[in-house]
Amino acid sequence: MSQQSHTPEYVDIHPRNREHEIAECLSRDWYGDHPFKTAWFNAMSITFPLGEKFFIDSVRHFAGEITDPKLQQEIKGFCGQENVHRREHERYNQSLCNQRGYDLEYMENRLKKKLALSQKMYTPLEHLSITAALEHITAIMAEWALDPESTMAQEADPTMRALWDWHAVEEMEHKAVAFDVFRAVGGDEKTRKKSLKRATFFLLMDIFVHLVHMLKRDGQLWKPKVWWQGMGFLFGKKGILRLIYPMWKEYYRDGFHPWDRDTQEQLERWETAQGAS
């Protein structure tokens, strides 16, 4: 029986059934007391419940073709982790929108229509390749978030940072599951690479649509200073998108695998901190 999983043996992919009391934080600008930075991550959260269901469905579609018991177990862990993420971000999004007057139905309906269209346009294997690409994006975002020098570590409210760090750790743990399933069922390099641009474009578009909606409701949309500082947050010297871009590009290397980026140290540092708290 051939090995299909290439996740290191030290990584145990299992859901941590955590609940986070974040309602009070969501009522205010919890990221550096800044409207753009806060809205960026809140906008990202809106995409997660429906997005993670898409990930789970994409991987489960091929689970019966997997012969490696290790990868089969990792699929179960992946689905378990993503289901808890869905639950926590559903609570996050409902509390956020109830408190701040955002239209959750408007934002989620956009996503539902796009996902319904994708069911008609793409094959199950293409869905899986898109999932693998998006898992790469979330994994490198996780690396950034867990870096002690990141603005997340330095500026976010500790309660919110605990939620995002927990999510980041689990994204990092299961970053290769969809990728390994894709390879195991015959996914090719051309499809894999093509999906990253597609996934990146639509993810960023969705985040920006949600961001604009939130800033408009907050009365911050037409303030040049908010956007100037926001662009620095994304593209400046310590900007998120600028810092993760080199990691994003690695996906285009022939023979790339997510665990080419060894993130054991970050995972162990987080686990140690949990034990000390």
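Colleague: What volume does the largest cavity have?

Modeller: Rolling a probe the size of a water molecule over the atoms shows where empty space is left. In this predicted model, the largest cavity has a volume of about 50 Å³, and the structure holds 1 cavity of 30 Å³ or more. Its lining includes Glu135, His136, Lys175 and Arg261, and by class the lining residues comprise 4 nonpolar, 1 polar and 4 charged.

Colleague: Which residues are the closest to the centre of the largest pocket?

Modeller: The largest pocket has a volume of about 940 Å³, and of the 42 residues that line this pocket, Leu134, Ala199, Phe202, Leu203 and Asp206 are the closest to its centre. At least two lining residues come from each of α2, α4, α5, α7, α9 and α11, and the lining divides into 31 nonpolar, 7 polar and 4 charged residues.

Colleague: At what angle do the axes of α2 and α4 cross?

Modeller: Two packed helices are described by the angle between their axes and the distance between the axes. Here the axes of α2 (residues 35-60) and α4 (residues 104-121) cross at roughly 25 degrees and come within 9 Å; because angles under 35 degrees count as roughly parallel, α2 is roughly parallel to α4. The crossing of α2 past α4 is right-handed. Ile46, Thr47, Leu50 and Phe54 make the contact from α2, while the α4 side includes Leu104, Met107, Glu108 and Leu111, and this contact has 7 nonpolar, 3 polar and 2 charged residues.

Note on methods: Residues numbered from 1 in each chain as written. Predicted model: local features only at pLDDT ≥ 70, side-chain atom pairs only at ≥ 80, totals over all residues. Heavy atoms only, no water. 1 Å grid on protein atoms, 1.4 Å probe; cavity = no way out; pocket = protein on both sides within 12 Å on 5 of 7 lines; lining within 4 Å. Points joined across faces, edges and corners; volume = space filled by probe spheres on them. Nonpolar A, V, L, I, M, F, W, Y, C, P; charged D, E, K, R; others polar. Axes fitted to C-alpha atoms, helices over the stretch in contact; angles between N-to-C directions. Helix = DSSP H or I, 4+ residues; strand = E, 2+ residues; numbered from the N terminus. Parallel < 35°, antiparallel > 145°, perpendicular 65-115°, else oblique. Left-handed = near helix turned anticlockwise from the far one by under 90°. Contact = heavy atoms within 4.5 Å.
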